[in-house]
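Here is a walk through a protein model, taken one region at a time. Keep the sequence and the 3D view open while reading.

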Amino acid sequence: MFRRIWALVVKEFMALLKDKTSRMTLIIPPLFQLFIFSYAASFDLNQVNYAVYNQDPGIASRELLGYFKGSPAFKLTATLDHLGQVAPAVNEQKVLMVLNIPQDFTRNMLEGRSGQLQVIIDGRNSNTAMVLLGYINTIVTSFSTQWSKDHGWASPPTELKVRTWFNPNLESRWFIVPGIVGLLTLVVALVVTALSVAREREAGTFDQLLVTPLHPAEILIGKALPGIIIGLAEGSLIVFLTVNMFGVPMLGGLGALYLGMGLFIVSAVGLGLMISSIAVTQQQALLGAFLFLVPAVILSGFATPIANMPELVQNLTLLNPLRYFLVIVRSVFLEGAEMSLLLPLYWPMAVIGVVTMVIAGWLFRNRLY
Amino acid sequence: MRRGMPGWRRLKGLIRKESYQIIRDPSSIAIAFVLPAVLLFIFGYGVSLDAKNVPLALVVEQPSPATASLTGDFQDSQWFEPKHFNDIHAAQEALRHRKVMGILWLRSNFTRELFSGGPAPIGLFLNGVDGNTARIVAGYVQGVWGKWLVRYAQSQGREVILPVNVEQRIWFNPEVRSTNFLVPGLIAVIMTLIGALLTSMVVAREWERGTMEALLVTPVRLREILLGKLIPYFVLGMGGQILSVAMAVWLFEVPLRGSLWVLMGVSALFLLAALGMGLLISTVAHNQFVAGQLAIFTTFLPAFILSGFIFDIGSMPGWVQAITHVIAARYFVQVLQSVFLAGDVWPVILVNSVALVIMTAVFMGLVRLRSRKRLE
């Protein structure tokens, strides 16, 4: 029995790796994408173009603008000299924000009143706008504290001391890069499996496979193993690069990570094989792969938190193996989570894997179009 | 003229053949209409960056009227779902198990410090794993706290004057509703998929089955074959686009401030580029299997991550920004977000449209080049 399965596995590997384009397709895109996406995917802002319209000749505005100039998050690209220039600069996306300082800014502050700083932000990407606002508030607060100290203002009755765990600088790269590990592993597992049954059905070789002494369970294992092996190999490579090239800290143990990765790949391969055995043509299988992949990524908590989703959609994400794996990867990397803490995340993936494999195996025989 | 007429008839024949193929395998129609409807529906409702009902642990070590008024403000806020804990260790355990997103800690000396003139410290612990959400939550806490501070000081007959008062004006989306920018961006991602899915397999299929070579020995020209492939799928794709825009405007109530004609014109340009990319995948791959693999790898994730739909392109390193220029979705996202939220901003529309035209031309040129080579 083992030899029969092995022969099938060898044949599957040959189908995947025999021609050059196919080999390249499996290896080059994931590595390139890991590299590019890890640098690209970040909510942190850098060198944001901004313009200043300063009507105040006083020292306070000059000091405040100095704070902005000194911050690496901002890049001054234009100094405006009348109000009419504000709208075109923002509309045409020349700048993301305009600082508008009125004439009486310094005078007010020297006489003990608040100076008004107007910030105009391009809200077309509202998340960028929110992040930007946070940066601005931080800068203004540090300027205000300094000013209060220098000019003997009363301090407020309370102060808020913020401390963040696990990711003290709130670098979103630390959050995103482990997420990319999950994303690319899922894509690789799907690429290997989603078309494999459909192709044989289209070519007619699947019928031949079914009349051989191979049991459907053996066919299933033979089809699943290459996906699992390639998935684990590429997953390991991606984890290795994540730690060694991008310097994301790996606080937890490899055991906890690999148990998660193994179960995740099994569930992804199961889903891929299920899609592939429902489809009659490769075109349909590709459609099925996308109909699963796209929601699985967008509703995984990769970029937008699951907690923000409505209840109904949150329940839907319980069927998504990527959802569990992302939490595992991030917890193991950043929080150093142990296996026992992750138990509630392991078993749903195992269930998804088993159920989809069984359905796929059943469909082998029972879907003869 | 004499040469043109039969060409047109041949083209019509090809289009008719392709259309039959579309109608007989319903998966193409599913791609054009079911895919955008399902995806937009799930995402429009599901995807949001606006944190709401954030579980926040409140630890008050020594209750007093002052602490009660502060925690009351958190209770009333729509952003938070406060959970009361008696001591900081229990709260920290909850933070570690991701039961709460943060902890607001009022120590036993809070009230005393407050009366002795302060500043009385308030501790805020946040789970920083998701840095973006942590930052947003910190902003919300600061907002609630700041309002309370002013009110509290007034009730004590004091006045809190901050040296600088920031007046924020967020243009185009003053209520910072993330649906307003996510839905237009999602349309770009979905249309990328539709374009590539529709065409990535059609040429590969003909090569695989040998019908492409049969076609090439007929008087039909390569240009006509490509046009014959493009036109039916273009019509399908535009149908999908119209459906998406209708859903964005009526279902998700995204304001459409620019004109519909501009939107549709740029959509048509983008769709041509996306279909062209699909045709290129189809031509490069030797068979449907590889074409499918390439389509999965090269369409969705790049359009999702490198288009500026969710991650700001301007903040990426220079070499990554350069790479984003080969992603057609990048240009479409900019136009969509502008036309939906800001109106017809012509400098933005023109620059991006030109880029889309160039991309289409490059894709089509490469398709022709590769198709010729394969015959040799």
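A residue counts as buried when its relative accessible area is under 20%, as exposed when that area is over 50%, and as partly exposed in between. By that cut-off, both B:Glu18 and B:Lys229 are buried. The model is a predicted one.

Start with that pair. The side chains of B:Glu18 and B:Lys229 meet in a salt bridge, with N and O 2.9 Å apart. The bridge links distant parts of the chain: B:Glu18 sits in helix H1 (residues 4–24) of chain B, while B:Lys229 sits in helix H10 of chain B, 211 residues apart. Side chains of opposite charge can pair when their charged atoms come close. Over all chains, a search of the whole structure finds 18 salt bridges.

A:Lys11, A:Glu12, A:Glu200 and A:Lys223 are linked by salt bridges. A:Lys11 pairs with A:Glu12, the closest N and O atoms being 2.9 Å apart. A:Lys11 also meets A:Glu200, at 2.4 Å from N to O. This second pair joins distant parts of the chain: A:Lys11 belongs to helix H1 (residues 2–17) of chain A, and A:Glu200 to helix H8 (residues 196–203) of chain A, 189 residues apart. A:Glu200 counts as buried because its relative accessibility is 7%. A:Lys11, with 31%, is partly exposed.

Now turn to the interface. Here 114 residues of chain A are in contact with 115 residues of chain B. The size of an interface is often given as the accessible area lost when the parts come together. Chain A and chain B bury about 10,400 Å² between them, and 69% of that area lies on carbon and sulfur atoms. A:Arg124, A:Trp165 and A:Gln283 supply 8% of the area that chain A buries against chain B, more than any other three residues.

Polar links cross the interface too. The rule finds 2 salt bridges between chain A and chain B. In one of them, A:Glu202 pairs with B:Arg209, the closest N and O atoms being 3.5 Å apart. There are also 24 residue pairs in polar contact across the interface. Which helix of chain A gives the most to the side that touches chain B? Helix H6 (residues 126–150) does, with 14 residues. By class, that side of chain A has 68 nonpolar, 33 polar and 13 charged residues.

A:Asn127 has its place in helix H6 of chain A. A:Asn127 is buried, because its relative accessible area is 3%. Beyond its sequence neighbours up to four places away, A:Asn127 touches A:Phe43 and also B:Leu49, B:Asn132, B:Ile136 and B:Phe181.

Strand S4 (residues 115–122) of chain A runs parallel to strand S5 (residues 164–171) of chain B, joined by 8 bridges. Within this pairing, A:Ile120 stands opposite B:Arg169. Likewise, 8 bridges join strand S5 (residues 158–165) of chain A to strand S4 of chain B, again in parallel. There, A:Leu160 stands opposite B:Ile122.

Follow strand S4 (residues 120–127) of chain B further. This strand is mostly covered, with 7 of its 8 residues buried. Strand S3 (residues 102–106) of chain B runs antiparallel to S4(B), over 4 bridges. B:Trp105 has B:Gly123 as its bridge partner in S4(B).

Within chain A, strand S1 (residues 48–54) is mostly covered as well: 5 of its 7 residues are buried. S1(A) pairs with strand S2 (residues 74–79) of chain A in the parallel sense, over 5 bridges. A:Ala51 stands opposite A:Ala78 in S2(A).

Two sites in chain B close the tour. B:Thr179 lies in helix H7 (residues 179–200) of chain B. Its relative accessibility is 11%, so B:Thr179 counts as buried. Leaving aside neighbours within four places in sequence, the contacts of B:Thr179 are B:Gly44, B:Pro184, B:Phe252 and B:Val254. B:Ser259 lies in the loop between helix H10 (222–251) and helix H11 (260–284) of chain B. With a relative accessible area of 24%, B:Ser259 is partly exposed. B:Ser259 and B:Gly343 are 84 residues apart in sequence, yet 7.2 Å apart in space, C-alpha to C-alpha. Not counting residues up to four places away in sequence, B:Ser259 touches B:Val339 and B:Asp344.

Terms used:
Residues are numbered from 1 along each chain as its sequence is written. Chains are lettered from A and ligands numbered from 1 in the order in which they are written. This is a predicted model: local features need pLDDT of at least 70, side-chain atom pairs count only at pLDDT 80 or more; totals for chains, interfaces and linings use all residues. Side-chain values use heavy atoms; hydrogens and water are left out. Contact means heavy atoms within 4.5 Å. Buried area is the accessible area (1.4 Å probe) that two parts lose on being put together, summed over both. A salt bridge is a side-chain nitrogen of Lys or Arg within 4 Å of a carboxyl oxygen of Asp or Glu. A polar contact is a pair of N or O atoms within 3.5 Å; within protein, one must be able to donate a hydrogen and the other to accept it, and residues adjacent in sequence count only if both atoms are side-chain atoms. Ala, Val, Leu, Ile, Met, Phe, Trp, Tyr, Cys and Pro count as nonpolar, Asp, Glu, Lys and Arg as charged, and the others, Gly among them, as polar. Two strands pair if DSSP finds at least two bridges between them. Buried means under 20% relative accessible area, exposed over 50%, partly exposed in between (1.4 Å probe, protein chains only).
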